[in-house]
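Here is a short tour of one protein model, written for someone meeting it for the first time. Have a look at the structure below, then read on.

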Amino acid sequence: MGKAVFIRNAAQLITLKGSSTAPLVKEGMSELGIIKNGSVWVEDGIIQAVGKDEVLFEKFAVRIEQAEVVDATGKLVTPGLVDPHTHLVFAGSRETEFNMRLKGATYMEIMNAGGGIHATTKRTKLATHDELFQESFERLNQFLLHGVTTVEAKSGYGMEWETERKQLEVAKQLNELHPIDVVSTFMGAHAVPKEYKDNPDDFVKLLVKEIIPKVSELRLAEFNDVFCEKGVFTPEQARTILETGKVYGLTAKIHADEIEPFEGAELAAKVGAISADHLLKASEKGLRAMAEKGVVGVLLPGTAYFLMAESANGRHMVDLGVPVALSTDCNPGSSPTVSLPFMMNLACLKMGLTPAEVITAATINAAHAIGRASIIGSLEERKKGDVTIFNVENYMKLQYLYGVNHIDTVIKNGRVVVKGGRLVEKLSLS
(Lines give C-alpha, C1' and ligand atoms only; values in the text may rest on other atoms or scores of the structure.)
Protein backbone atom coordinates (compact mmCIF):
# COMPACT_ATOMS: atom_id res chain seq x y z
CA MET A 1 0.00 0.00 0.00
CA GLY A 2 1.26 3.48 -0.89
CA LYS A 3 0.77 6.91 0.62
CA ALA A 4 -2.84 7.77 1.46
CA VAL A 5 -4.68 11.07 1.90
CA PHE A 6 -7.98 11.10 3.80
CA ILE A 7 -10.15 14.17 3.13
CA ARG A 8 -12.72 14.19 5.91
CA ASN A 9 -16.13 15.56 6.80
CA ALA A 10 -16.79 18.16 4.07
CA ALA A 11 -19.86 20.31 4.58
CA GLN A 12 -20.60 19.60 0.93
CA LEU A 13 -18.70 17.07 -1.15
CA ILE A 14 -19.52 17.52 -4.84
CA THR A 15 -18.92 14.23 -6.65
CA LEU A 16 -20.57 14.68 -10.09
CA LYS A 17 -20.72 10.91 -10.05
CA GLY A 18 -21.77 9.15 -13.23
CA SER A 19 -20.85 11.94 -15.65
CA SER A 20 -17.74 10.44 -17.24
CA THR A 21 -19.22 8.94 -20.41
CA ALA A 22 -20.78 12.12 -21.83
CA PRO A 23 -20.82 15.80 -20.84
CA LEU A 24 -23.75 16.99 -18.80
CA VAL A 25 -26.47 19.02 -20.51
CA LYS A 26 -29.61 20.94 -19.61
CA GLU A 27 -30.94 19.94 -16.16
CA GLY A 28 -28.09 17.46 -15.82
CA MET A 29 -25.66 20.34 -15.35
CA SER A 30 -27.32 21.02 -11.98
CA GLU A 31 -27.04 17.44 -10.72
CA LEU A 32 -23.89 17.75 -8.62
CA GLY A 33 -24.07 14.52 -6.62
CA ILE A 34 -23.63 16.27 -3.26
CA ILE A 35 -22.71 14.29 -0.16
CA LYS A 36 -23.08 16.13 3.16
CA ASN A 37 -20.36 15.30 5.68
CA GLY A 38 -18.58 13.61 2.81
CA SER A 39 -15.08 12.15 2.66
CA VAL A 40 -12.59 10.91 0.06
CA TRP A 41 -9.82 8.34 0.45
CA VAL A 42 -6.97 8.73 -2.06
CA GLU A 43 -4.10 6.28 -2.33
CA ASP A 44 -1.16 6.13 -4.74
CA GLY A 45 -2.66 9.19 -6.41
CA ILE A 46 -5.97 7.44 -7.19
CA ILE A 47 -9.36 7.83 -5.51
CA GLN A 48 -10.22 4.59 -3.70
CA ALA A 49 -13.45 5.54 -1.96
CA VAL A 50 -15.99 8.39 -1.78
CA GLY A 51 -18.87 8.59 0.67
CA LYS A 52 -20.17 9.60 4.07
CA ASP A 53 -17.47 10.33 6.61
CA GLU A 54 -18.66 7.72 9.11
CA VAL A 55 -18.67 5.03 6.41
CA LEU A 56 -15.14 5.74 5.21
CA PHE A 57 -13.87 6.18 8.76
CA GLU A 58 -15.06 2.68 9.60
CA LYS A 59 -13.75 1.21 6.34
CA PHE A 60 -10.21 2.61 6.77
CA ALA A 61 -10.08 2.81 10.57
CA VAL A 62 -6.99 0.61 10.95
CA ARG A 63 -5.02 2.71 8.45
CA ILE A 64 -6.01 6.27 9.32
CA GLU A 65 -2.97 6.84 11.53
CA GLN A 66 -0.69 6.20 8.55
CA ALA A 67 -2.65 8.54 6.24
CA GLU A 68 -2.36 12.30 5.80
CA VAL A 69 -5.67 13.57 7.13
CA VAL A 70 -7.15 16.74 5.64
CA ASP A 71 -9.93 18.22 7.76
CA ALA A 72 -12.61 19.67 5.47
CA THR A 73 -15.10 20.44 8.23
CA GLY A 74 -17.23 23.42 7.23
CA LYS A 75 -15.72 23.51 3.75
CA LEU A 76 -16.76 22.81 0.15
CA VAL A 77 -14.93 19.98 -1.63
CA THR A 78 -15.04 19.65 -5.42
CA PRO A 79 -13.12 17.83 -8.13
CA GLY A 80 -9.92 19.65 -9.08
CA LEU A 81 -10.83 22.51 -11.42
CA VAL A 82 -10.07 22.00 -15.13
CA ASP A 83 -9.19 24.88 -17.48
CA PRO A 84 -9.79 23.67 -21.08
CA HIS A 85 -8.64 26.75 -23.02
CA THR A 86 -5.43 28.67 -22.28
CA HIS A 87 -2.57 30.23 -24.18
CA LEU A 88 -0.25 29.33 -21.32
CA VAL A 89 3.16 29.53 -23.00
CA PHE A 90 4.00 33.09 -24.05
CA ALA A 91 6.45 35.88 -23.31
CA GLY A 92 5.80 39.44 -22.21
CA SER A 93 2.64 41.43 -21.53
CA ARG A 94 0.46 43.95 -23.35
CA GLU A 95 -0.78 46.42 -20.76
CA THR A 96 -0.33 49.32 -23.22
CA GLU A 97 -3.05 47.79 -25.40
CA PHE A 98 -5.37 47.78 -22.39
CA ASN A 99 -4.94 51.54 -22.23
CA MET A 100 -5.59 51.83 -26.00
CA ARG A 101 -8.78 49.82 -25.64
CA LEU A 102 -9.99 52.06 -22.81
CA LYS A 103 -9.58 54.94 -25.24
CA GLY A 104 -11.81 53.24 -27.80
CA ALA A 105 -9.59 51.02 -29.98
CA THR A 106 -11.13 47.66 -30.93
CA TYR A 107 -9.43 44.26 -30.73
CA MET A 108 -9.07 44.02 -34.51
CA GLU A 109 -7.87 47.64 -34.81
CA ILE A 110 -5.12 46.94 -32.29
CA MET A 111 -4.10 43.75 -34.10
CA ASN A 112 -4.10 45.45 -37.52
CA ALA A 113 -1.85 48.18 -36.08
CA GLY A 114 0.80 45.60 -35.20
CA GLY A 115 -0.40 44.83 -31.70
CA GLY A 116 -2.47 41.94 -30.53
CA ILE A 117 -1.32 38.45 -31.40
CA HIS A 118 1.54 39.79 -33.52
CA ALA A 119 3.05 41.67 -30.56
CA THR A 120 3.14 38.53 -28.44
CA THR A 121 4.44 36.52 -31.38
CA LYS A 122 7.43 38.83 -31.63
CA ARG A 123 8.24 38.52 -27.92
CA THR A 124 7.73 34.75 -27.91
CA LYS A 125 10.00 34.25 -30.92
CA LEU A 126 12.79 36.17 -29.15
CA ALA A 127 12.43 34.31 -25.85
CA THR A 128 14.61 31.27 -25.21
CA HIS A 129 13.15 27.91 -24.27
CA ASP A 130 14.28 28.40 -20.67
CA GLU A 131 12.78 31.88 -20.45
CA LEU A 132 9.43 30.64 -21.74
CA PHE A 133 9.56 27.68 -19.38
CA GLN A 134 10.30 29.81 -16.31
CA GLU A 135 7.58 32.36 -17.08
CA SER A 136 5.00 29.66 -17.79
CA PHE A 137 6.03 27.62 -14.73
CA GLU A 138 5.32 30.58 -12.45
CA ARG A 139 2.01 31.08 -14.24
CA LEU A 140 1.09 27.47 -13.47
CA ASN A 141 1.87 28.10 -9.80
CA GLN A 142 -0.79 30.80 -9.84
CA PHE A 143 -3.28 28.47 -11.53
CA LEU A 144 -2.65 25.97 -8.74
CA LEU A 145 -3.30 28.61 -6.10
CA HIS A 146 -6.70 29.17 -7.74
CA GLY A 147 -7.69 25.51 -7.52
CA VAL A 148 -6.85 24.41 -11.07
CA THR A 149 -5.26 20.96 -11.40
CA THR A 150 -5.36 20.49 -15.21
CA VAL A 151 -4.93 23.03 -18.03
CA GLU A 152 -5.00 22.90 -21.80
CA ALA A 153 -2.18 24.92 -23.41
CA LYS A 154 -2.20 26.18 -27.00
CA SER A 155 0.70 27.17 -29.18
CA GLY A 156 0.04 29.91 -31.74
CA TYR A 157 2.50 32.65 -30.93
CA GLY A 158 4.90 31.57 -33.64
CA MET A 159 2.91 30.71 -36.74
CA GLU A 160 6.10 29.22 -38.11
CA TRP A 161 7.69 25.90 -37.29
CA GLU A 162 10.54 26.78 -34.92
CA THR A 163 8.55 28.95 -32.52
CA GLU A 164 5.50 26.69 -32.60
CA ARG A 165 7.78 23.77 -31.81
CA LYS A 166 9.40 25.72 -28.97
CA GLN A 167 6.04 26.50 -27.40
CA LEU A 168 4.88 22.90 -27.64
CA GLU A 169 8.15 21.57 -26.26
CA VAL A 170 7.89 23.96 -23.31
CA ALA A 171 4.33 22.77 -22.67
CA LYS A 172 5.48 19.16 -22.79
CA GLN A 173 8.26 19.87 -20.29
CA LEU A 174 5.84 21.72 -18.01
CA ASN A 175 3.58 18.68 -18.02
CA GLU A 176 6.53 16.55 -16.91
CA LEU A 177 7.88 18.87 -14.20
CA HIS A 178 4.94 20.82 -12.74
CA PRO A 179 2.23 19.22 -10.56
CA ILE A 180 -0.50 20.52 -12.89
CA ASP A 181 -1.26 18.33 -15.89
CA VAL A 182 -0.73 20.27 -19.13
CA VAL A 183 -2.62 19.12 -22.24
CA SER A 184 -1.17 20.45 -25.51
CA THR A 185 -2.99 21.93 -28.49
CA PHE A 186 -1.33 23.01 -31.75
CA MET A 187 -2.68 26.36 -32.90
CA GLY A 188 -0.45 27.44 -35.73
CA ALA A 189 -3.61 28.91 -37.26
CA HIS A 190 -3.93 31.60 -34.60
CA ALA A 191 -3.56 34.45 -37.08
CA VAL A 192 -2.28 35.03 -40.60
CA PRO A 193 1.40 36.07 -40.42
CA LYS A 194 2.17 39.49 -41.88
CA GLU A 195 4.21 38.00 -44.72
CA TYR A 196 1.14 36.01 -45.84
CA LYS A 197 -1.36 38.84 -45.46
CA ASP A 198 -2.01 39.03 -49.20
CA ASN A 199 -1.96 35.27 -49.81
CA PRO A 200 -3.36 33.51 -46.72
CA ASP A 201 -4.06 30.35 -48.73
CA ASP A 202 -0.31 29.86 -49.06
CA PHE A 203 -0.01 29.92 -45.27
CA VAL A 204 -2.78 27.34 -45.02
CA LYS A 205 -0.80 25.16 -47.45
CA LEU A 206 2.30 25.54 -45.26
CA LEU A 207 0.34 24.40 -42.22
CA VAL A 208 -1.26 21.38 -43.85
CA LYS A 209 1.70 20.26 -45.96
CA GLU A 210 4.59 20.83 -43.59
CA ILE A 211 3.85 21.94 -40.03
CA ILE A 212 0.92 19.73 -39.00
CA PRO A 213 2.74 16.56 -40.16
CA LYS A 214 5.78 17.56 -38.07
CA VAL A 215 3.65 18.21 -34.97
CA SER A 216 2.11 14.77 -35.37
CA GLU A 217 5.41 13.02 -36.06
CA LEU A 218 7.01 14.45 -32.91
CA ARG A 219 3.85 13.88 -30.83
CA LEU A 220 3.88 17.44 -29.58
CA ALA A 221 0.09 17.90 -29.36
CA GLU A 222 -3.15 15.98 -29.36
CA PHE A 223 -5.48 18.78 -30.46
CA ASN A 224 -5.51 21.15 -33.44
CA ASP A 225 -7.17 24.56 -33.13
CA VAL A 226 -7.92 27.38 -35.58
CA PHE A 227 -9.21 30.95 -35.25
CA CYS A 228 -12.19 30.98 -37.61
CA GLU A 229 -13.07 34.67 -37.82
CA LYS A 230 -13.57 37.39 -40.40
CA GLY A 231 -10.16 38.79 -41.24
CA VAL A 232 -8.39 35.69 -39.93
CA PHE A 233 -9.34 32.24 -41.34
CA THR A 234 -12.47 31.59 -43.38
CA PRO A 235 -14.68 28.58 -42.62
CA GLU A 236 -13.30 26.91 -45.76
CA GLN A 237 -9.68 27.49 -44.73
CA ALA A 238 -10.44 26.42 -41.16
CA ARG A 239 -12.06 23.22 -42.37
CA THR A 240 -9.01 22.35 -44.46
CA ILE A 241 -6.75 22.86 -41.44
CA LEU A 242 -8.95 20.87 -39.07
CA GLU A 243 -9.60 17.99 -41.46
CA THR A 244 -5.87 17.72 -42.15
CA GLY A 245 -5.21 17.62 -38.43
CA LYS A 246 -7.65 14.74 -38.07
CA VAL A 247 -5.77 12.79 -40.74
CA TYR A 248 -2.64 13.17 -38.61
CA GLY A 249 -4.36 12.14 -35.38
CA LEU A 250 -5.05 15.62 -33.98
CA THR A 251 -8.54 16.17 -32.56
CA ALA A 252 -10.28 19.30 -33.81
CA LYS A 253 -10.99 22.38 -31.71
CA ILE A 254 -12.07 25.77 -32.99
CA HIS A 255 -12.13 29.43 -31.91
CA ALA A 256 -15.62 30.13 -33.20
CA ASP A 257 -17.81 33.19 -33.75
CA GLU A 258 -16.02 35.40 -31.24
CA ILE A 259 -16.28 38.79 -32.94
CA GLU A 260 -18.81 38.28 -35.75
CA PRO A 261 -21.18 35.48 -36.82
CA PHE A 262 -18.94 33.42 -39.12
CA GLU A 263 -20.37 29.87 -39.17
CA GLY A 264 -17.77 28.65 -36.69
CA ALA A 265 -20.30 26.75 -34.58
CA GLU A 266 -21.69 25.09 -37.71
CA LEU A 267 -18.17 24.12 -38.75
CA ALA A 268 -17.45 22.61 -35.33
CA ALA A 269 -20.44 20.31 -35.74
CA LYS A 270 -19.53 19.41 -39.34
CA VAL A 271 -15.95 18.38 -38.55
CA GLY A 272 -16.85 16.67 -35.27
CA ALA A 273 -14.79 19.02 -33.13
CA ILE A 274 -14.47 18.15 -29.46
CA SER A 275 -15.17 21.78 -28.59
CA ALA A 276 -16.03 25.17 -30.05
CA ASP A 277 -14.81 28.07 -27.96
CA HIS A 278 -15.91 31.72 -27.44
CA LEU A 279 -19.28 31.63 -29.32
CA LEU A 280 -20.27 35.20 -28.47
CA LYS A 281 -21.86 35.64 -31.91
CA ALA A 282 -22.78 32.03 -32.70
CA SER A 283 -25.96 31.52 -34.71
CA GLU A 284 -28.99 29.64 -33.48
CA LYS A 285 -28.44 27.12 -36.27
CA GLY A 286 -24.85 26.60 -35.23
CA LEU A 287 -25.67 26.16 -31.56
CA ARG A 288 -28.40 23.64 -32.34
CA ALA A 289 -25.97 21.70 -34.52
CA MET A 290 -23.45 21.68 -31.67
CA ALA A 291 -26.09 20.41 -29.26
CA GLU A 292 -27.07 17.63 -31.66
CA LYS A 293 -23.44 16.52 -32.13
CA GLY A 294 -22.44 16.92 -28.46
CA VAL A 295 -19.76 19.52 -29.20
CA VAL A 296 -18.72 21.18 -25.93
CA GLY A 297 -19.18 24.94 -25.92
CA VAL A 298 -16.24 26.39 -24.01
CA LEU A 299 -17.24 29.83 -22.75
CA LEU A 300 -14.67 32.47 -21.83
CA PRO A 301 -16.41 35.13 -19.75
CA GLY A 302 -13.16 36.86 -18.83
CA THR A 303 -12.42 37.67 -22.47
CA ALA A 304 -15.68 39.51 -23.04
CA TYR A 305 -15.30 41.19 -19.67
CA PHE A 306 -11.77 42.40 -20.39
CA LEU A 307 -12.63 43.50 -23.94
CA MET A 308 -15.73 45.28 -22.58
CA ALA A 309 -17.93 43.29 -24.94
CA GLU A 310 -21.27 41.61 -24.49
CA SER A 311 -20.89 38.09 -23.08
CA ALA A 312 -21.94 34.91 -24.81
CA ASN A 313 -25.48 33.81 -23.97
CA GLY A 314 -24.59 30.84 -21.80
CA ARG A 315 -28.13 30.53 -20.44
CA HIS A 316 -29.53 30.01 -23.92
CA MET A 317 -26.83 27.48 -24.77
CA VAL A 318 -27.58 25.38 -21.70
CA ASP A 319 -31.30 25.53 -22.42
CA LEU A 320 -30.64 24.38 -26.02
CA GLY A 321 -28.71 21.37 -24.78
CA VAL A 322 -25.18 22.52 -25.61
CA PRO A 323 -22.77 20.98 -23.08
CA VAL A 324 -21.13 24.08 -21.61
CA ALA A 325 -17.65 24.38 -20.08
CA LEU A 326 -15.77 27.38 -18.69
CA SER A 327 -12.22 28.62 -19.06
CA THR A 328 -9.99 31.59 -18.30
CA ASP A 329 -8.64 31.91 -21.87
CA CYS A 330 -5.44 32.94 -20.07
CA ASN A 331 -3.49 35.04 -22.58
CA PRO A 332 -1.62 38.35 -22.56
CA GLY A 333 -4.00 40.32 -24.77
CA SER A 334 -7.66 39.60 -24.14
CA SER A 335 -7.79 37.74 -20.82
CA PRO A 336 -4.67 38.07 -18.66
CA THR A 337 -6.01 36.05 -15.72
CA VAL A 338 -5.49 32.68 -14.08
CA SER A 339 -8.59 32.79 -11.88
CA LEU A 340 -11.04 30.14 -13.02
CA PRO A 341 -13.14 30.75 -9.85
CA PHE A 342 -13.63 34.36 -11.00
CA MET A 343 -14.72 33.07 -14.42
CA MET A 344 -17.32 31.00 -12.58
CA ASN A 345 -18.52 34.18 -10.83
CA LEU A 346 -18.72 36.01 -14.16
CA ALA A 347 -20.61 33.15 -15.79
CA CYS A 348 -23.30 33.58 -13.16
CA LEU A 349 -23.35 37.38 -13.29
CA LYS A 350 -22.88 37.92 -17.04
CA MET A 351 -24.01 34.72 -18.76
CA GLY A 352 -26.99 33.66 -16.68
CA LEU A 353 -25.63 30.32 -15.51
CA THR A 354 -26.57 29.06 -12.06
CA PRO A 355 -24.09 28.31 -9.25
CA ALA A 356 -24.60 24.59 -9.82
CA GLU A 357 -24.08 24.82 -13.57
CA VAL A 358 -20.77 26.67 -13.26
CA ILE A 359 -19.38 23.96 -10.98
CA THR A 360 -20.18 21.40 -13.67
CA ALA A 361 -18.78 23.68 -16.39
CA ALA A 362 -15.42 24.08 -14.59
CA THR A 363 -14.98 20.41 -13.74
CA ILE A 364 -16.49 17.47 -15.60
CA ASN A 365 -17.64 19.33 -18.74
CA ALA A 366 -14.26 21.03 -18.95
CA ALA A 367 -12.67 17.59 -18.69
CA HIS A 368 -14.83 16.40 -21.59
CA ALA A 369 -13.66 19.40 -23.64
CA ILE A 370 -10.08 18.06 -23.49
CA GLY A 371 -10.82 14.34 -23.64
CA ARG A 372 -9.96 13.66 -20.00
CA ALA A 373 -13.36 12.89 -18.44
CA SER A 374 -12.48 9.24 -17.86
CA ILE A 375 -9.74 10.19 -15.39
CA ILE A 376 -10.55 13.66 -13.98
CA GLY A 377 -13.47 16.06 -13.50
CA SER A 378 -15.46 14.11 -10.89
CA LEU A 379 -14.77 12.49 -7.53
CA GLU A 380 -15.21 8.79 -8.23
CA GLU A 381 -13.30 5.60 -7.57
CA ARG A 382 -10.36 4.91 -9.90
CA LYS A 383 -10.07 8.53 -11.02
CA LYS A 384 -7.06 10.73 -10.30
CA GLY A 385 -6.84 12.13 -6.79
CA ASP A 386 -7.39 15.72 -7.94
CA VAL A 387 -9.36 17.62 -5.30
CA THR A 388 -10.02 21.30 -4.59
CA ILE A 389 -11.21 22.50 -1.17
CA PHE A 390 -12.83 25.92 -0.79
CA ASN A 391 -13.12 27.82 2.46
CA VAL A 392 -16.91 28.19 2.13
CA GLU A 393 -19.56 25.79 3.37
CA ASN A 394 -21.64 25.46 0.19
CA TYR A 395 -21.36 25.88 -3.56
CA MET A 396 -23.84 28.78 -3.73
CA LYS A 397 -21.74 30.87 -1.36
CA LEU A 398 -18.76 30.32 -3.65
CA GLN A 399 -20.53 32.39 -6.31
CA TYR A 400 -22.25 34.80 -3.92
CA LEU A 401 -18.93 36.01 -2.45
CA TYR A 402 -17.55 36.88 -5.87
CA GLY A 403 -14.05 38.01 -6.81
CA VAL A 404 -12.45 36.38 -3.76
CA ASN A 405 -9.97 33.50 -3.85
CA HIS A 406 -11.59 31.01 -1.48
CA ILE A 407 -9.02 28.24 -2.07
CA ASP A 408 -8.00 26.47 1.11
CA THR A 409 -6.41 23.22 -0.08
CA VAL A 410 -5.52 21.66 -3.43
CA ILE A 411 -4.63 17.99 -3.81
CA LYS A 412 -3.07 16.88 -7.08
CA ASN A 413 -2.53 13.19 -7.85
CA GLY A 414 -3.04 12.44 -4.18
CA ARG A 415 -0.46 14.97 -3.00
CA VAL A 416 -1.32 18.08 -0.98
CA VAL A 417 0.25 20.93 -2.98
CA VAL A 418 -1.69 23.92 -1.60
CA LYS A 419 -2.59 24.25 2.07
CA GLY A 420 -4.12 27.24 3.78
CA GLY A 421 -4.17 29.02 0.43
CA ARG A 422 -0.39 28.75 0.00
CA LEU A 423 1.94 26.42 -1.85
CA VAL A 424 3.05 23.66 0.48
CA GLU A 425 6.57 23.87 -0.91
CA LYS A 426 8.27 26.33 -3.18
CA LEU A 427 7.66 25.22 -6.76
CA SER A 428 10.50 26.54 -8.88
CA LEU A 429 13.26 25.47 -11.23
CA SER A 430 15.92 25.71 -8.50
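The buried residues of helix α9 pack against β9 (223-228), α8 (235-247), β10 (251-256), β11 (275-278) and α10 (284-293); contact here means heavy atoms within 4.5 Å. Helices (H or I, at least four residues) and strands (E, at least two) are DSSP runs, numbered from the N terminus. This is a predicted model, in which local features need pLDDT of at least 70 and side-chain atom pairs count only at 80 or more, while totals for chains, interfaces and linings use all residues. Residues are numbered from 1 along each chain as its sequence is written, and side-chain values use heavy atoms, without hydrogens or water.

Seven of the eight residues of α9 (264-271) are buried, that is, under 20% relative accessible area with a 1.4 Å probe, protein chains only. Among them are G264, L267 and V271. After the helix comes G272, with a positive phi near 70°.

Now to the sheet. Eight strands line up in the order β6-β7-β8-β9-β10-β11-β12-β13, forming an open sheet with parallel pairing; two strands pair if DSSP finds at least two bridges between them. β6 (81-83) and β13 (324-326) are at the edges with a single partner strand each, so one side of each has no neighbour in the sheet. On average, neighbouring strands are turned by 25° against each other, direction ignored.

Notes. Buried < 20%, exposed > 50% of the residue type's maximum accessible area, 1.4 Å probe, protein only. Axes fitted to C-alpha atoms, helices over the stretch in contact; angles between N-to-C directions.
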